[in-house]
Amino acid sequence: MSDMIVPDKVPNEFVASTGMLERRLRFVKSALLDTFFVFYSVIVLQRAVYYRFILDLRDFPFSWSQIGMVLALSTVAGFLWTFSRTSLSCRLFGISKNDKITKWTVEIFAWFLFDITFIAGWIVTRISIISLFSPDGIQGAERLFSALFHPQFGIFDDALFAMIETIYIALVATLISIPLTLLVSFFTARNLMKDSKITFVIYYVLRILLNFIRSIEPLIWAVIFSVWVGIGPFAGMIALLVHTIASNAKLYSEAIESIEPGPVEAISATGANKVQIVWHAVVPQIVLPFLSFTIYRWDINVRMATIIGLVGGGGIGNLLMQYQGLARWREVGLIVIMIAFVVWVMDYLSARIRESIY
Amino acid sequence: MLLTVQDLHKTYPSGKHALKGVNFEVKEGEFLVIIGLSGSGKSTLLRSINRLIEPTSGRVLFLGKDITHLKGEELRKVKRQIGMVFQQFNLIKRRSVLSNVINGRLGSLGTIESILENYSDGVLADAYKCLDTVGIASYANERADSLSGGQQQRVAIARSLMQNPKLLLADEPVASLDPATSNSVMQYFEKINKETGTTVICSLHFLSLVRRYASRAIALKGGEIVYEGAPSDIDETWFKRIYGEEAEEVEIR
Ligand SMILES: Nc1ncnc2c1ncn2[C@@H]1O[C@H](COP(=O)(O)OP(=O)(O)OP(=O)(O)O)[C@@H](O)[C@H]1O
Ligand SMILES: [Mg+2]
């Protein structure tokens, strides 16, 4: 037992064994991070504390040359601070001194950063306790809430048709997405595509493309398509379709990547061709996860379809925008209640269906 | 000669030299058993024979034809004639026993036909016959994963019989079964070997099973053949040479 390495010996050995280059690199990283910390603190202190509280300015002066000067000074300060081995970044990169002073500076500075970030956040988001509790505001909110809870049923027929439109937008987008997603997902599954160079390139390009499409919100796709095909449910449907394919292809292909290799091997040992292997060994292992993802996505799509109407994608969101613009809150109340009801039903249904197929 | 393996080497991409110059021949109708410690290269050897993996060098001759580096359609034609049974059964769990068995015929069915699962009466009759051979025709419509381990392995055997194989490979087919079930599964291999004259190459762990079923045995150690001969000649000395000085034989009946 006595031969075992004592825990605090380990870091020393580690430091001794890391090369010169590695330590230089850590120094540079740490100096850059310190530069950023100093720069950030100075800017926040200047703008949030000095301009806002001390001078109480409404519009903060802004000039690039001033920022540049702060940056230059911070760079010097940052490097000097890292050089002294007492900074927060030194501790983060494991090159700090191990004495009391360092411990104190690191702790104090970390708290300082946290505090000024909180203060800056407060100012940027314009948190205002006063407006939250102003009598005027509260009265307005009361009016709105009471209108929402006394919905006007006069537009019920219109709202119902718009709602049906929304549900169909989601349904059609989900249905059309299934075959397309299936097709795409086989080409984005690593285990099926890694064998040859050509297929691997296809895999790679498709992955990047899908990531790109997925990173753009359906709301923005709806804006794009309402220009492309004109405002209306069709634009909303395509927007959802595009985003659904990109998101589900990722989930589908992850399911394909995690299948058991045994059955695939067994089928290929019978002399089956590639298509047969995929159909008889891969597909049976993935239908259930696919079904589950797709039903869940339908649920998400109904929710998104209500939102997409706000930017010209048709359906109930469109109606909501109209009545909100006219400040007819009791009509808005009806629409909101209908949306909540449908979303709740969809949520429940999709959960139950997904439970029962597993 | 049904199968000739000449100076076979396999080095995995990881750098592991798993087979180091293996030579042997198998005559038609033999029941050859491969023994050896874990990691000695048994699976690697069996997989090189039906070309689930490609050997690094050396040759595998099947029915006199060099199959070592075949590709595409030609490779599939060879695979069709070699059945394989795995330790983990490797059935499609959610499909029925019957469709698992029919999967054995995929190599000779058309792609469209097999996707539509529009099988001829002849294929269905064959599938039932194969199930009958392993005594589980009554389970044809059950889900594969509802069967016990021994029964699942019998389904896997039936699947390989659908290929009408000239050679049947089995990689530790009974390693995850209890002793009694092991014996009953091995009896089906024996029956197939005796009744249809199908050549069997099987890797096993228990010497009592080897003595009971093998017509000939090969022992691998570190990727090389260290013993070749009658299973009854594997005495205490040979046993220690194959499995190491520490090993002791355990009995299974
Ligand atoms: N795909 C692979 N990649 C890299 N090395 C592998 C691979 N498959 C097997 N090996 C290595 O090759 C050697 C032989 O493995 P093999 O599976 O053939 O042994 P085995 O005799 O079948 O053992 P077991 O009784 O455990 O199944 C082992 O050292 C193993 O780690
Ligand atoms: Mg093995």
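This is a predicted model: local features need pLDDT of at least 70, side-chain atom pairs count only at pLDDT 80 or more; totals for chains, interfaces and linings use all residues.

Biologist: How do you know how chain A compares with a compact globule of 358 residues?

Modeller: By the radius of gyration: such a globule would have a value near 21 Å, whereas chain A has 29 Å. The box around its C-alpha atoms, taken along the principal axes, is roughly 75 × 70 × 45 Å.

Biologist: What share of chain A is buried, and what makes up its accessible surface?

Modeller: Buried residues account for 39% of the 358 residues. The accessible surface is about 21,500 Å², with 71% belonging to carbon and sulfur atoms.

Biologist: How far apart in sequence are the residues that contacts in chain A join?

Modeller: Taking contacts between residues at least 6 apart in sequence, 73% join residues at least 24 apart.

Biologist: How many aromatic pairs are there over all chains?

Modeller: The count is 21 aromatic pairs over all chains.

Biologist: Why is the pair of A:Phe27 and A:Phe83 called edge-to-face?

Modeller: The ring centres are 6.3 Å apart and the planes make 85°. A:Phe27 lies in helix α2 and A:Phe83 in helix α3, so the pair ties together parts that are 56 residues apart in sequence.

Biologist: Which of the two is buried and which is exposed?

Modeller: A:Phe27 has a relative accessible area of 17%. Buried means under 20%, so A:Phe27 is buried. A:Phe83 has 61%, and exposed means over 50%, so A:Phe83 is exposed.

Biologist: What makes the pair of A:Phe341 and A:Trp344 tilted?

Modeller: The centres are 6.4 Å apart, with 40° between the planes. Stacked needs under 30 degrees and edge-to-face needs over 60, so 40° leaves tilted. Both residues lie in helix α16, three residues apart, about one turn of the helix. A:Phe341 and A:Trp344 are both exposed.

Biologist: Which residues do ring pairs link into a cluster?

Modeller: The cluster consists of A:Phe36, A:Phe37, A:Tyr40, A:Trp81, A:Phe109 and A:Phe112.

Biologist: Why pick out the phi of A:Arg85?

Modeller: Most residues other than glycine have a negative phi. A:Arg85 has a positive phi, near 60°, and is not glycine. The residue sits in the loop between α3 and α4. Its relative accessibility is 29%, which falls between the 20% and 50% cut-offs, so A:Arg85 counts as partly exposed.

Biologist: What is the phi of B:Asn164, and where is the residue?

Modeller: Phi is near 45°, again a positive value in a residue other than glycine. B:Asn164 is in the loop between α6 and β7 of chain B. At 58% relative accessibility it is over the 50% cut-off, so B:Asn164 counts as exposed.

Biologist: How do you know whether B:Tyr243 is buried or exposed?

Modeller: B:Tyr243, in helix α9 of chain B, has a relative accessible area of 13%. That is under 20%, so B:Tyr243 is buried. Not counting residues up to four places away in sequence, B:Tyr243 touches B:Ile35, B:Gly36, B:Leu37 and B:His205. The C-alpha atoms of B:Tyr243 and B:Ser38 are separated by 9.7 Å, while the two residues are 205 residues apart along the chain.

How values were computed
Residues are numbered from 1 along each chain as its sequence is written. Chains are lettered from A and ligands numbered from 1 in the order in which they are written. Side-chain values use heavy atoms; hydrogens and water are left out. The radius of gyration is taken over C-alpha atoms; the globule rule is 2.2 Å times the number of residues to the power 0.38. Buried means under 20% relative accessible area, exposed over 50%, partly exposed in between (1.4 Å probe, protein chains only). Contact means heavy atoms within 4.5 Å. Accessible areas come from the Shrake-Rupley method with a 1.4 Å probe; for residues, only the protein chains shown count as cover. Rings of Phe, Tyr and Trp (its six-membered ring) pair if their centres lie within 6.5 Å; planes under 30 degrees apart count as stacked, over 60 as edge-to-face and the rest as tilted. Helices (H or I, at least four residues) and strands (E, at least two) are DSSP runs, numbered from the N terminus.
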